[in-house]
Amino acid sequence: MLPIAVFKVSDKSMEPSLKENDYLIILRTRKFRVGDTIVLVHPYKDFKIVKRVSGVSKKECFVTGDNKNVSEDSRSFGAVSLDNVIGRILFKVG
Amino acid sequence: MKGFLYRAFGTLDRIAKFEKVYAHCDYPCGIYDPHTAQMAAHTVIRMIDLINETKASGTSDPEHQHNLIRATMIKEQHAEICKNEIRILWGDYFKKEHLEAYPNLNELVFNTMKLASKAKQSADVKAAEELLATVEQIAEIFWKTKGVETKRVTAFYPTKREIVYPKV
């Protein structure tokens, strides 16, 4: 599997930091820091999400959306296992 | 105008079909319907009719005053519901290609916001009727984007104005 992957943002709710149809170039890794933006598998739904890391431990991370008024994130689904993490965003093309 | 890199990724995307990732607050459920906005616009008209009927009665006893206040409050609430429902369609459902296909869509949404505010500010039934007419046009565009034909029928509400239904 390639260490780099590309995803396309499919909606608007991370605007203005991530806009719909932006391309995200990510490094497949489970090493990241608080403040990084990561792509991960939703903990109980069958799709991938992009969120910002608010906290991280050895096994789990706590993620939140940039628009905290409406974001569904670790405040509702709890900390997420690092096994769910696909990678960290290196840069976006938009 | 997007830069060269973006266009290059766009070309790659058409070939490789990059996987989508959702930033969304909730899963994009796809459950959208312009019906609620239309019902809200009908309610605004109905409340204005009731306000004007109460005013025309010429009475000022507490019972009438009470009904007048309630009707005004409901008018305000439903004008806001109408605005919110259209905002949801515009912000979450309609996409760039819809705006390209229906270039008057932005103007219709803009007009909805203004007309709903006007309906709040007065008891002018014409403003409320214009609001309904604008929302109906948005409803028709909504269903067209789904490839669904629509029909305009007289609603089974006391307003006796039209409402747009999908032909299903």
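Author: Let's begin with a helix pair: helix H5 (residues 105-121) of chain B and helix H6 (residues 125-145) of chain B pack at an angle of about 150 degrees, and their axes are 9 Å apart. Here axes are lines fitted to C-alpha atoms, for helices over the stretch in contact, and angles run from 0 to 180 degrees between N-to-C directions. Helices (H or I, at least four residues) and strands (E, at least two) are DSSP runs, numbered from the N terminus.

Reader: Before we go on, what are the ground rules for this model?
Author: This is a predicted model, in which local features need pLDDT of at least 70 and side-chain atom pairs count only at pLDDT 80 or more, while totals for chains, interfaces and linings use all residues. Residues are numbered from 1 along each chain as its sequence is written, chains are lettered from A and ligands numbered from 1 in the order in which they are written, and side-chain values use heavy atoms, leaving out hydrogens and water.

Reader: Ok, back to H5(B) and H6(B): roughly parallel or roughly antiparallel?
Author: Roughly antiparallel. The naming goes by angle: under 35 degrees counts as roughly parallel, over 145 as roughly antiparallel, 65 to 115 as roughly perpendicular and the rest as oblique. The crossing of H5(B) and H6(B) is left-handed, meaning that the near helix is turned anticlockwise from the far one by less than a right angle; clockwise would be right-handed.

Reader: Which residues make the contact?
Author: On the H5(B) side they include B:Leu105, B:Leu108, B:Val109 and B:Leu115, and on the H6(B) side B:Leu131, B:Val135, B:Ile138 and B:Ile141 are among them. Contact means heavy atoms within 4.5 Å. The residues of this contact divide into 10 nonpolar, 4 polar and 2 charged. For those classes, Ala, Val, Leu, Ile, Met, Phe, Trp, Tyr, Cys and Pro count as nonpolar, Asp, Glu, Lys and Arg as charged, and the others, Gly among them, as polar.

Reader: And what's the angle between H3(B) and H6(B)?
Author: About 30 degrees, for helix H3 (residues 62-93) of chain B against H6(B), with the axes 12 Å apart. H3(B) and H6(B) are therefore roughly parallel to each other, and their crossing is left-handed. B:Cys82, B:Ile86, B:Leu89 and B:Tyr93 of H3(B) meet B:Leu131, B:Val135, B:Ile138, B:Phe142 and B:Thr145 of H6(B). That contact divides into 8 nonpolar, 1 polar and no charged residues.

Reader: Where does B:His98 sit, and is it buried or exposed?
Author: B:His98 is in helix H4 (residues 96-101) of chain B, and it is buried, with a relative accessible area of 14%. Buried means under 20% relative accessible area, exposed over 50%, and partly exposed in between (1.4 Å probe, protein chains only). Leaving aside neighbours within four places in sequence, B:His98 is in contact with B:Tyr93 and B:Thr145.

Reader: Switching to the sheet. What's the strand order?
Author: S6(A)-S5(A)-S4(A)-S3(A)-S7(A)-S2(A)-S1(A)-S1(B), an open sheet of 8 strands with mixed pairing. Two strands pair if DSSP finds at least two bridges between them. The edge strands are strand S6 (80-81) of chain A and strand S1 (19-21) of chain B, each pairing on one side only. Helix H1 (residues 4-16) of chain B packs on the sheet, touching strand S1 (4-9), strand S2 (23-27) and strand S7 (85-93) of chain A, and its direction makes about 80 degrees with that of S2(A).

Reader: How is S1(A) joined to S1(B)?
Author: By 3 bridges, with the strands running parallel; the bridge partner of A:Lys8 in S1(B) is B:Lys20. S1(A) is also joined to S2(A), by 5 bridges and antiparallel, and there A:Val6 has A:Ile25 as its bridge partner. S1(A) is mostly covered, as 5 of its 6 residues are buried.

Reader: What about S7(A), which strands does it pair with?
Author: S2(A) is joined to S7(A) by 5 bridges, antiparallel, and strand S3 (residues 37-41) of chain A by 3 bridges, also antiparallel. A:Arg88 in S7(A) stands opposite A:Leu27 and is the bridge partner of A:Ile38.

Reader: Last one: which residues other than glycine have a positive phi?
Author: B:Lys17, with phi near 55 degrees, and B:Lys160, near 60 degrees, are among them. B:Lys17 is found in the loop between H1 and S1 of chain B and is exposed at 62% relative accessible area. B:Lys160 lies in the loop between strand S2 (150-154) and strand S3 (162-166) of chain B, and is exposed at 61%.
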